[in-house]
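Please look over the model shown below before reading on. The report then takes up its charged pairs, its chain contact and its aromatic rings in turn.

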Amino acid sequence: MFFFDFKMPLVLTPFFRTPFTDFTGGLINAQHYDKCGQFELDMIECMEAYGQDRGKIKCRDLIDDFNECLFATKRTMRGIAMIMERDRQWRNGERKVHHEPGPRIDAF
Amino acid sequence: MVTPKTQDLPPPGGYQKIPFMRVPAKTLFNGFQIIGAYIGITTFAVYIYHLTNKQIQREEVEMRSARLALMPMLIAERDREFLKQVRKNRDEEARLMKNIPGWVVGTYYGEPIYKTKPVDHFDDNSLSWDDLCVHSDYRTQMIRQNFHLWN
């Protein structure tokens with residue numbers, strides 16, 4: 001699972017911090033389309049308290065939860081594991097029905 | 001002997017008169033009548049438009065009221081169907097993965113999805129068609145995604 005440990009910059013900050021860049025510093029975040037807004041807020045508050053370097057160690061859980069909300073890593077791997085298991089059972093003859101009927105079209 | 005010359009003379013009685021005076025067009029209405037007719041017809045038309053506009057506003061109000069009354073019920077039914085499907089997925093997952101060593105229903109091999117939330121935290125804010133149709137085939141999921149793309 002080494003390729004799932006990317007260290008992407010989740011919050012883009014400008015290179016030089018000036019009062020001018022502080023006006024429009026936080027343009028890219030997860031608050032507008034806020035499916036992961038609460039996760040991001042918790043992570044940012046923790047990082048602000050501890051700073052960048054110590055924050056990466058102490059707030060590891062919050063950072064991982066925010067990553068999980070954004071990129072759906074574990075959820076996707078869960079889905080893939082279930083699909084592969086279903087296909088393996090079907091090919092071995094252990095299942096009578098390959099796939100379940102899906103949800104209703106207007107269910108989501 | 002002198003023969004009489006042939007000359008190009010006017011016909012006997014002279015030429016007719018050449019009409020060169022202006023012949024203006026026949027005036028059916030004068031300017032004031034035309035402007036008055038314009039104002040009269042416009043007034044009548046504005047009145048008809050006003051009546052039609054009132055009718056349209058009444059129809060829009062009725063349509064809006066019906067929509068406001070029905071929307072909560074329709075959305076609630078959609079949410080109910082969504083939760084029913086999630087429960088079916090969980091039961092199906094329990095049946096499917098019961099012989100896999102280390103698998104706990106709702107986690108990834110025992111590791112919960114969110115580390116800082118309680119175990120029964122249901123994050124319905126970030127679900128997708130991938131999670132709903134995980135036990136169905138690809139075509140089913142694509143039909144539903146296509147339907148939602150066009151609606």
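By about how many helical turns are B:R64 and B:E60 separated in helix α1 of chain B? In this predicted model, the two residues stand 4 residues apart in that helix, so about one helical turn separates them. B:R64 forms a salt bridge with B:E60, and the closest N and O atoms lie 3.8 Å apart. Side chains of opposite charge can pair when their charged atoms come close. B:R64 is partly exposed, at a relative accessible area of 48%, and B:E60 is likewise partly exposed, at 41%.

A network of salt bridges with shared partners takes in A:R86, A:R95, A:E100, B:E92 and B:R95. Within this group, the side chains of A:R86 and B:E92 meet in a salt bridge with an N to O distance of 3.0 Å, and B:E92 also forms a salt bridge with A:R95, where the closest N and O atoms are 3.4 Å apart. B:E92 lies in helix α1 (residues 31–96) of chain B, while A:R95 belongs to the segment after α5 of chain A, so this pair joins two chains. Both B:E92 and A:R95 are buried.

Over all chains the structure holds 14 salt bridges, and 5 salt bridges are found across the interface of chain A and chain B. A further pair, in chain A, is the salt bridge between A:R104 and A:D106, whose closest N and O atoms are 3.1 Å apart. Here A:R104 is partly exposed, with a relative accessible area of 46%, and A:D106, at 36% relative accessibility, also counts as partly exposed.

## The contact between the chains

The contact draws 31 residues from chain A and 39 residues from chain B, and together the two chains bury about 3,500 Å², of which 61% is on carbon and sulfur atoms. Between chain A and chain B there are 18 residue pairs in polar contact, counting pairs in which both residues have pLDDT 80 or more. On the side of chain A that touches chain B, the elements that give two or more residues are α4 (60–71) and α5 (73–92) of chain A. The largest share of that side, 11 residues, comes from α5(A), and the residues of the side as a whole divide into 12 nonpolar, 4 polar and 15 charged.

A:R75 is buried, with a relative accessible area of 12%, and the side chain of A:R75 reaches the backbone oxygen of A:C69 at 3.3 Å. Leaving aside neighbours within four places in sequence, A:R75 is in contact with A:E68 and A:C69 in chain A and with B:I113, B:Y114, B:S126 and B:D131 in chain B.

## Aromatic rings

The count over all chains comes to 6 aromatic pairs. One of them joins B:W103 and B:Y109 edge-to-face, with 5.1 Å from centre to centre and 85° between the planes. B:W103 is buried, at a relative accessible area of 9%, whereas B:Y109 counts as partly exposed, at 40% relative accessibility. B:Y109 also forms an edge-to-face pair with B:Y108, at 5.1 Å centre to centre and 70° between the planes, and B:Y108 is buried, with a relative accessible area of 15%.

Ring pairs also link A:F108, B:F82 and B:W129 into a cluster.

Technical notes: Residues numbered from 1 in each chain as written. Chains lettered and ligands numbered in written order. Heavy atoms only, no water. Contact = heavy atoms within 4.5 Å. Buried area = accessible area lost by both parts, 1.4 Å probe. Salt bridge = Lys/Arg side-chain N within 4 Å of Asp/Glu carboxyl O. Polar contact = N/O pair within 3.5 Å; in protein donor to acceptor, adjacent residues only side chain to side chain. Nonpolar A, V, L, I, M, F, W, Y, C, P; charged D, E, K, R; others polar. Phe/Tyr/Trp six-rings, centres within 6.5 Å; stacked < 30°, edge-to-face > 60°. Buried < 20%, exposed > 50% of the residue type's maximum accessible area, 1.4 Å probe, protein only.
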